[in-house]
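Try each task before reading its solution.

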Amino acid sequence: IAAAADVSPSTFFRYFPTKEQLVIADDLDPPMLAAIDAQPPDVPLFTAIRRAAEDVFASMPQAEIDFEQDRQLLMTAEPELRRAILQQLLANIDMIIDVVAKRTGRTTDDFEVRVVAGAMVGSILGVMDQTAGDITHSLRALEVLEDGLKLGRIGHAEPR
């Protein structure tokens, strides 16, 4: 990989400490954060994040969308990458904590801010292996979360 990129192995491993990091590194984080920041402050948190994701994906060339879908499929299919994703989750949650705190005017150590951030990342992770990189499924996961997880309030029903 280093030779193909015309860099030394030490340079490569400075940016990607493991081979798995090369695949799970998410180039969409900076444009997503910028798109979230661009949402008006009166737009509710979940709506702002969904709109930002829609904006980012709408502005991407189809080749980049295809690449992202392939990357998502690879990450969910390979056990080594699935383990690496779990390690990356804490960094993702911290990133979302910053977004939630900023949009709600709360601090990053606020309990509810941290719960919401963890729930957001978890809801997307929960459907990742079924989405084949399709952004609409991730957005739907956020909608279910925003709607208050109604299924969690339904008791067991007897079969008909």
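A residue counts as exposed when its relative accessible area is over 50%, and as buried when that value is under 20%. Keep in mind that this is a predicted model.

**Exercise 1.** Decide whether A63 is buried or exposed.

*Solution.* Start by placing the residue: A63 belongs to helix α5. Next, take its relative accessibility, which is 60%. The cut-off for exposed is over 50%, so A63 counts as exposed.

**Exercise 2.** Work out how helices α5 and α6 are oriented to each other, and which residues make the contact.

*Solution.* Locate the helices first: α5 covers residues 62-77 and α6 covers residues 79-104. Their axes are 5 Å apart and meet at an angle of about 100°. Angles of 65 to 115 degrees count as roughly perpendicular, and α5 and α6 are therefore roughly perpendicular to each other. On the α5 side, the contact uses L74, M75, T76 and A77, while α6 brings P79, L81, R82 and I85. Sorted by class, this contact has six nonpolar, one polar and one charged residues.

**Exercise 3.** Describe the largest cavity: what is its volume, and what lines it?

*Solution.* Begin with the count, which is one cavity of 30 Å³ or more. The volume of the largest cavity is about 800 Å³. Its lining has 32 residues, and D26, D29, Q72, N92 and I124 are the closest to its centre. By class, the lining comprises 21 nonpolar, six polar and five charged residues. Finally, look at the helices: α3, α4, α5, α6, α7 and α8 each supply at least two lining residues.

Definitions and conventions. Residues are numbered from 1 along each chain as its sequence is written. This is a predicted model: local features need pLDDT of at least 70, side-chain atom pairs count only at pLDDT 80 or more; totals for chains, interfaces and linings use all residues. Side-chain values use heavy atoms; hydrogens and water are left out. Axes are lines fitted to C-alpha atoms, for helices over the stretch in contact, and angles run from 0 to 180 degrees between N-to-C directions. Helices (H or I, at least four residues) and strands (E, at least two) are DSSP runs, numbered from the N terminus. Angles under 35 degrees count as roughly parallel, over 145 as roughly antiparallel, 65 to 115 as roughly perpendicular and the rest as oblique. Contact means heavy atoms within 4.5 Å. Ala, Val, Leu, Ile, Met, Phe, Trp, Tyr, Cys and Pro count as nonpolar, Asp, Glu, Lys and Arg as charged, and the others, Gly among them, as polar. On a 1 Å grid over the protein atoms alone, a cavity is a set of points where a 1.4 Å probe fits but cannot get out, and a pocket is an open set with protein on both sides within 12 Å along at least five of seven lines; lining residues have an atom within 4 Å of a point. Grid points are joined across faces, edges and corners, and a volume is the space filled by probe spheres set on the points. Buried means under 20% relative accessible area, exposed over 50%, partly exposed in between (1.4 Å probe, protein chains only).
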